[in-house]
Structures are given as C-alpha cells and as structure tokens.
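Hello,

Here is the structure for you to look over. My notes follow below it.

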Amino acid sequence: MTASWGARILWLAVGLGGVWSVGDAVDGRTAAVRTTISIGGWVVWGVGVVALVVPSTLTLTLMRMISALACGAAAFSWAAGAPAASGASFLACTLICALLVGGADFGHHCVQASAYGDEQRFLLRPPAAFLPPIVIAGLVWVAAVLAAPLLLATAHWIIGAAATIAAAMLTWLLLPRFNVLSRRWLVLVPAGIVVHDRVVLAETLMVLKSEVAGIDLALAGTEAADFTGPAAGHAVEIDLRSMTTAILAPSKKAPRGTALHVQSFIVAPSRPGAVLRGTR
C-alpha cells in the first residue's frame, strides 16, 4: 500500500508541477497551442488518476506508459522555455513518479489487485533482451504522442497528420505488447504453484503443492531449467518430487513450441523475498 499511496501523492505533484511548468512554457504562444496543450495535459493526467484509483494489470501498463509520457512532457516544457525552477520541479516529480510506478512494490500492488480469491500473484521481471527494445519503442511512442497535437496546433498539417497516425498505430501496437509483460506471474494458490508467462511458456505451468519438494533462491550454476527469459537479478528455484512437462513458447526453430521434462526450474519474480515468505 505504501507504493500505491506514494504514487498517488506524486501524481498529484506531477499535476501541480505541470500546471506551473507548462503554463510558463506556453506563455505568449497562440491560443490554439495553449488550448491543445491544456486539454491534452489534463486528459493524460486524468487517465493516470483513474489508473491509480483502479489498480489492475492493465492500469499498471497504462500508468507506466503515462509516467514515461509525463517525463517527456516535462523535459519538453523545460526545453520550450519554462524557467529552471518550474522546469526542474516538474521533471523531478515525473522522474520520481516513473521510478516508483516502475518498481516492484507498485507492480505487485497492481497485479495482486487483479488476483482471484486466495491467489498470491508475483510479477516476473522482463527478460534482459527485452529492455533495449522496450526503451527504444517507448521513446519513439512518447515523441510521436507529444509531437502530433503540437504540429497540428501550429498548422503543420501534413507532418502533423503523419505524427498522429504514427502515435495511434504505436499505441495500438505497443499497449497489448507491454501489457503481456504485466501479465507474467508466479502465482501461489492453496493447491500449488502456477507460472503464467506467455513470453517464455506456451502454456501455463501448474504444479500441485504435494509435488513441490522445495522453493529457495537459485544458486549460481544451478542445472534447473531456466524460465526467466533470461532476466537479471535473483531467481527463485522450484524443485519438484517428480518430472513434469513444460512447453516453451514458439520460436523460429520450433514454431509449435518445445516440450521439456523438468524436475526443477527457475523463475525471476520482482520480489523474490516475498515469494519465499509466501511459501513458508
């Protein structure tokens, strides 16, 4: 709950900082520019409010995308003429907010809010190979979303229309793909353990509690099957009493997926300590 309330307070600060910084940046601009920026800013901020009030896996994805957009808007407003005090304050608020909503505690709060009954959902860290494309795609999306309305407001119709189409297409393409990362969980249920990960696995892996021999932090050099992606950081190793079958996600070499018979495997929850406490 600390992360969720911290994000809400910071998002309020982002709104106040935006009014101050963006207001200074657009002072003296045309009425069309001021109106466009004002409406766009309040719409984005309002979507963030809804995402924070109604936590879920989808609103986790939305909030992370919107916080990146807010960082871009803060940097742009400072570069566009906002004084150092207002520009720096707005940028600092957005950066701190983005770090908080991108963190493990806030992610856990959102995915757990979508859980059913006695489930304990633990978000899995993204594979390391995904991080550069995520950053690049996010930067391009932020640039397109910020540029499109400003170009139209300044009567740059052709390039503005192109930027608007690009922003719409990127939003349509990236939102579901980013949301897949918010739907990668290790789930503890009364009956056992579930690994729900459509990035690494073709099918959800379910293990009965009676089949679990042990759960602990994975040691370096473990021979357990790697279902982390691979991802950086500490992994959790789950040892089974007997072999089970896991099917890896399709690839170019194996378009139907690859079946593995495993007796131990590792996953990379964003809060490995909490997972271990939940299994004690």
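**Confidence**

pLDDT is the predictor's confidence in each residue, from 0 to 100. Helices (H or I, at least four residues) and strands (E, at least two) are DSSP runs, numbered from the N terminus. The chain's mean pLDDT is 94, and 100% of its residues reach 70 or more.

This is a predicted model: local features need pLDDT of at least 70, side-chain atom pairs count only at pLDDT 80 or more, and totals for chains, interfaces and linings use all residues. Residues are numbered from 1 along each chain as its sequence is written, and side-chain values use heavy atoms, with hydrogens and water left out.

**The sheet**

Four strands form an open sheet in the order β1-β2-β3-β4, with antiparallel pairing. Two strands pair if DSSP finds at least two bridges between them. β1 (120-123) and β4 (205-208) stand at the edges with a single partner strand each, so one side of each has no neighbour in the sheet. The twist averages 15° from one strand to the next. Angles run from 0 to 180 degrees between N-to-C directions, with axes fitted to C-alpha atoms, for helices over the stretch in contact.

β1 and β2 (residues 185-189) run antiparallel, joined by four bridges. Arg121 has Val187 as its bridge partner in β2. Helix α5 (residues 104-113) lies across β1 and β2, at about 140° to β1. Contact means heavy atoms within 4.5 Å.

**The cores**

A nonpolar core is a set of buried Ala, Val, Leu, Ile, Met, Phe, Trp, Tyr and Cys residues joined through side-chain atoms within 4.5 Å. Buried means under 20% relative accessible area, exposed over 50%, partly exposed in between (1.4 Å probe, protein chains only).

The largest nonpolar core has 26 residues. Trp11, Val14, Met63, Cys97 and Phe106 have the most contacts inside it. Helix α1 gives the largest share, seven residues. Another core, of 24 residues, lies apart from it and includes Phe122 and Val236.

**An aromatic pair**

Rings of Phe, Tyr and Trp (its six-membered ring) pair if their centres lie within 6.5 Å; planes under 30 degrees apart are stacked, over 60 edge-to-face, the rest tilted. The count is two aromatic pairs. Trp42 and Trp45 form an edge-to-face pair, 5.7 Å centre to centre with 90° between the planes. Trp45 is partly exposed, at 23% relative accessibility.

Best wishes
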